[in-house]
Amino acid sequence: MEVIIMKELLEANDKLAEENRSYFASRHILAVNLMGAPGAGKTTLISAVAQELRKAGVQVGVIEGDIASSIDADNLEKQGIRSSQINTCGECHLDARVIRDGAEQIDLKDAVVFIENVGNLICPAEFDLGEAVRLLAASVPEGDDKPFKYVPMFSYVDAVALTKCDLKDAVGFDSENFLKGLHAVSQAPVFEVSLKKGAPATGAEQLADYLLKKYREMA
Ligand SMILES: Nc1nc2c(ncn2[C@@H]2O[C@H](COP(=O)(O)OP(=O)(O)O)[C@@H](O)[C@H]2O)c(=O)[nH]1
Ligand SMILES: [Mg+2]
């Protein structure tokens, strides 16, 4: 019985996700579902990539998902990035139903809109939000074995941002092992990023170029 309820829930979500997809397409919005563990560097990545996208003349918006608080949305708003905040009140992922409210609040057209999902490497891979791009922030300190362990997430995404690359030596990160695990389940391109405070940023430009290409390919 429980299995049937879960199936119905996912079917209802998929229907709403398709409606979101049409909504985003009608507004010429490239929606990017950014997933990753808590503290993987998702908000930091959005901020850096948004700077690059804005340099290229593209507007950026963010729909923030957190269990509680509006810390991330408040910080992004301070940087001039139009943001809305969804609190899931304990739920460990965003679903398609709440995305439409978040999108209507930022009310953008002709933009790249990031959806920062709740920090979690498991549940968000089950919920289509109506995005065009699924992006994973996998951070170096989480370890190079994660693609072997979190197969549903690593096989679900279109692209991977390997974040905190400045910490590779400090934590003994084995890039070859990480890529071996990833390539066993996915052909997603990997963007190596370092965004340590006070150090030169690397990698955000390449990721922004990847998203710009997708944005410009939209009809
Ligand atoms: N060393 C280092 N720290 C980073 C990097 N990116 C983010 N951080 C730090 O990691 C912590 C969590 O980042 P945040 O963007 O809030 O992660 P989120 O929870 O995934 O949104 C913060 O203290 C950031 O300053 C990076 O590239 N290198
Ligand atoms: Mg965050």
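## Around ligand 1

Let's start at the ligand: 17 residues surround ligand 1, and the closest are Gly 41, Lys 42, Thr 43, Thr 44 and Leu 195. A residue is taken as near a molecule if its C-beta atom, placed from the backbone, lies within 6 Å of it. This is a predicted model, in which local features need pLDDT of at least 70 and side-chain atom pairs count only at pLDDT 80 or more, while totals for chains, interfaces and linings use all residues. Residues are numbered from 1 along each chain as its sequence is written, with chains lettered from A and ligands numbered from 1 in the order in which they are written.

By class, the shell holds 4 nonpolar, 8 polar and 5 charged residues. Here Ala, Val, Leu, Ile, Met, Phe, Trp, Tyr, Cys and Pro count as nonpolar, Asp, Glu, Lys and Arg as charged, and the others, Gly among them, as polar. Helix α2 (residues 42-55) gives the largest share of the shell, 3 residues. Helices (H or I, at least four residues) and strands (E, at least two) are DSSP runs, numbered from the N terminus.

## Helix α2

The 14 residues of α2 reach 20 Å from the first C-alpha to the last, close to the 20 Å expected at 1.5 Å a residue; the expected span is 1.5 Å times one less than the number of residues. After α2 comes Gly 57, with a positive phi near 85°.

Because 10 of its 14 residues are buried, α2 is largely enclosed by the rest of the structure. Among the buried ones are Lys 42, Thr 43 and Thr 44, along with Ile 46, Val 49 and Leu 53. Buried means that 20 or more other C-beta atoms lie within 10 Å of the residue's own, exposed 12 or fewer, and partly exposed in between, with C-beta atoms placed from the backbone.

## A β-α-β unit

Strands β2 (residues 59-66) and β3 (residues 82-87) pair in the parallel sense over 6 bridges, where pairing takes at least two DSSP bridges between the strands. Val 62 stands opposite Ser 83 in β3.

Together with helix α3 (residues 71-78), β2 and β3 make a right-handed β-α-β unit: with the strands pointing away from the viewer, the path from the first strand over the helix to the second runs clockwise.

## Two positive phi values

Asp 107 has a positive phi near 50° and sits in the loop between α4 (96-106) and β4 (111-116). Asp 107 counts as exposed because it has 10 C-beta neighbours inside 10 Å.

Lys 164 also has a positive phi, near 60°, and lies in the loop between β6 (159-163) and α7 (168-171). With 25 C-beta neighbours inside 10 Å, Lys 164 counts as buried.
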